[in-house]
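Subject: Structure handover

Hello,

I am passing this structure on to you. Please look it over first; my notes on what was found in it follow below.

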Amino acid sequence: MIAVANTGDKKVPHLVSDCVEVNPATEYLLPISEVIPLQLFAYFTALEHGVDVDRPRNLSKAVIEG
């Protein structure tokens, strides 16, 4: 289990196998600081699984011909 927690949090790292620490921020800025490590985690996980990250599959696309 992986968790995203504030830097200096004493409880969360003991409850999970891996913990990504982010600097404490206000309630409105916290989602921005949390999404960056999660996006990097998704990117490197996809690379490890051999997925082409530049060609995502199974996405709906609207094609407009002009």
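One aromatic pair turns up when the whole structure is searched. It consists of Y43 and F44, whose ring centres are 5.1 Å apart and whose planes meet at 75 degrees; planes over 60 degrees apart count as edge-to-face, so this pair is edge-to-face. Please keep in mind that this is a predicted model.

On helices in general, an α-helix has 3.6 residues a turn, so residues three or four places apart point the same way.

Helix 2 covers residues 30–48, which makes 19 residues. From its first C-alpha to its last it reaches 28 Å, close to the 27 Å expected at 1.5 Å a residue. After helix 2 comes G50, which has a positive phi, near 80 degrees.

As for the overall layout, the chain has two helices and two strands, in the order β-α-β-α from the N terminus on. Of the 66 residues in the chain, 8% are buried.

P24 lies in the loop between strand 2 (18–22) and helix 2. Is P24 buried or exposed? P24 is exposed, with a relative accessible area of 57%. P24 and D9 are 15 residues apart along the chain, and their C-alpha atoms are separated by 9.8 Å.

Last, the confidence of the prediction. The average pLDDT over the chain is 84, and 83% of the residues score at least 70. Going by element, confidence is lowest in strand 1 (residues 2–6), with a mean of 89, and highest in helix 1 (residues 12–15), at 91. Where pLDDT is low, the predicted coordinates should not be read in detail.

Regards

Terms used. Residues are numbered from 1 along each chain as its sequence is written. This is a predicted model: local features need pLDDT of at least 70, side-chain atom pairs count only at pLDDT 80 or more; totals for chains, interfaces and linings use all residues. Side-chain values use heavy atoms; hydrogens and water are left out. Helices (H or I, at least four residues) and strands (E, at least two) are DSSP runs, numbered from the N terminus. The expected span of a helix is 1.5 Å times one less than its number of residues. Rings of Phe, Tyr and Trp (its six-membered ring) pair if their centres lie within 6.5 Å; planes under 30 degrees apart count as stacked, over 60 as edge-to-face and the rest as tilted. pLDDT is the predictor's confidence in each residue, from 0 to 100. Buried means under 20% relative accessible area, exposed over 50%, partly exposed in between (1.4 Å probe, protein chains only).
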